[in-house]
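Biologist: Before we discuss this model, I would like each label to be set against the rule behind it. Could you take me through them in that way?

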Amino acid sequence: MLTPLAADSTVTVHASHGQLIMAACVSIALIIVLITWLKLHPFLSLLVGSGALALLAGITLTDTFTAFSSGMGSTVGGVGVLIALGAIIGALLVETGAADEIVDTFLEHTSEHRLPWVMATLAFLIGIPLFFEVGLVLLIPVVMLVARRVHAPVVLLGIPALAGLSALHGLIPPHPGPLIAIDSLSANLGLTLGLGLIVAIPTVIISGPISARFMAKWVPVPAPDTFDTDKNIPRESRPSFGVGISVILLPVVLMLARTVEETIGIDKGSAFGNALDFVGEPLVALLITTFYAMIMLGLRTGHSLKETSDVAGGSFGPIAGILLIVGAGGGFKETLVETGVATVIGDWIHGVGLSPILAGWLVAVAIRLATGSATVSTITTAGIMAPAAANLTDTHTALLVLAIGVGSVFLSHVNDAGFWLVKEYFGMTVGQTFKTWSLMETILSVTGLVSIMLLSLVI
């Protein structure tokens, strides 16, 4: 049976629907085995899985990686640039001491019983431009220091911080997962960002400060006294609190401004409408913020242009692996689309009457549990759900992106590097890590889904 493909398809597939579903299941299982059991890098695992999918779906040997190469190229060419700019902004915040200044300013103006809420707020703000791992490294010393000062269990302050970082990682661009899902589903970035912030607020509150109160009683682990919390940058040499916050919020404001312009119906042909359209483009918004950060955090604080540029250049090394994984995920997604697998699954979801939002969450949860990778879960699920999103409204497409994002962080366990990172930082046992970090991720995912489903009823 010749499976119909899109008009611009670059390959020809001869396979029944049953064969396509089998090919998808085998290729995803192969990726899971390679990542989880054989510990093969996700980039190579996705590459091998894409090849297996193509061959099992009946693509000729010479065209095995045609769709993969096309998908990887377009993904890195689009999303990769945004990730790179986000990395520069994050590096400037950290290396110039601006992030430390934001943290210290918040801590100086809060009472002890409000500290869990301050930690969640800090993580929420810092989590907008910074990758999860960078935000974690930045906030953990603060959590340990404050927990020792007030003699509080480290979980009481650590869980709110982790909740803020994890929620932003799964919901808000320019993090890799949301960006690739927005690209795959052709969602409106500004609308997704705005709705993501709305969903993130109750999600962080419930999974962070509120849940931490109970977890701290179950796991009253004190902060390790060996943790190094010394500041490397004197406070007088750091950028001001206001400057640091402005760098974090600028891209959010620019991208949301474009969405507001589209919502209230400003004439796109006017000079003002054209300006908002231009600065609201994700690439332009992040590029403007990058140069603003270089000027305000670098040049204005006494650093030379070379020193500032060196910080920007130094941010690219750590994200090389992320870019390869995201690119390979785009290649796997394109293979799903070109073989017709995504269309078959999308038609099945539509046929059984399952809400695309719920279906996206369930698929993301399953892949997350199997691979331990939020990014792999988001990328794979977005490719599978792309056809199902074709007939959705702009708002529901954005909500589908968010549902995939919160599903991708469900129940972190032993196959997730983040599980072991949190365990070692907090000095907990495996069981204690399940009772805190893993439970928090599960609460975050479910709360996020409930918030998204409620939003879908009113917008």
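Modeller: Let us begin with burial: a residue is buried under 20% relative accessible area, exposed over 50%, and partly exposed in between, using a 1.4 Å probe and protein chains only. Helices are DSSP runs of H or I with at least four residues, strands are runs of E with at least two, and they are numbered from the N terminus. This is a predicted model, in which local features need pLDDT of at least 70 and side-chain atom pairs count only at pLDDT 80 or more, while totals for chains, interfaces and linings use all residues. Residues are numbered from 1 along each chain as its sequence is written, and side-chain values use heavy atoms, with hydrogens and water left out.

Biologist: Why is helix H8 called largely enclosed by the rest of the structure?

Modeller: Because nine of the 10 residues of H8 (residues 176-185) are buried, the helix is described in that way. The buried residues include Pro 176, Leu 179, Ile 182 and Leu 185, and among the elements that cover them are helix H3 (66-95), helix H7 (154-171) and helix H14 (316-339), where contact means heavy atoms within 4.5 Å.

Biologist: What makes the pair of Phe 65 and Phe 68 edge-to-face?

Modeller: Rings of Phe, Tyr and Trp (its six-membered ring) pair if their centres lie within 6.5 Å, and planes under 30 degrees apart count as stacked, over 60 as edge-to-face and the rest as tilted. By this rule there are three aromatic pairs. The centres of Phe 65 and Phe 68 are 6.3 Å apart and their planes stand at 85°, so the pair is edge-to-face.

Biologist: How do you know which category of accessibility Phe 65 and Phe 68 each belong to?

Modeller: Phe 65 has a relative accessible area of 38%, and is therefore partly exposed, whereas Phe 68, at 4%, counts as buried. Another edge-to-face pair is formed by Trp 361 and Phe 410, at 5.8 Å centre to centre and 90° between the planes. That pair links distant parts of the chain, with Trp 361 in helix H16 (residues 356-371) and Phe 410 in the loop between helix H18 (394-407) and helix H19 (417-426), 49 residues apart. Both Trp 361 and Phe 410 are buried.

Biologist: Why is Ala 366 called partly exposed?

Modeller: Ala 366 lies in helix H16, and its relative accessible area is 45%, so the label is partly exposed.
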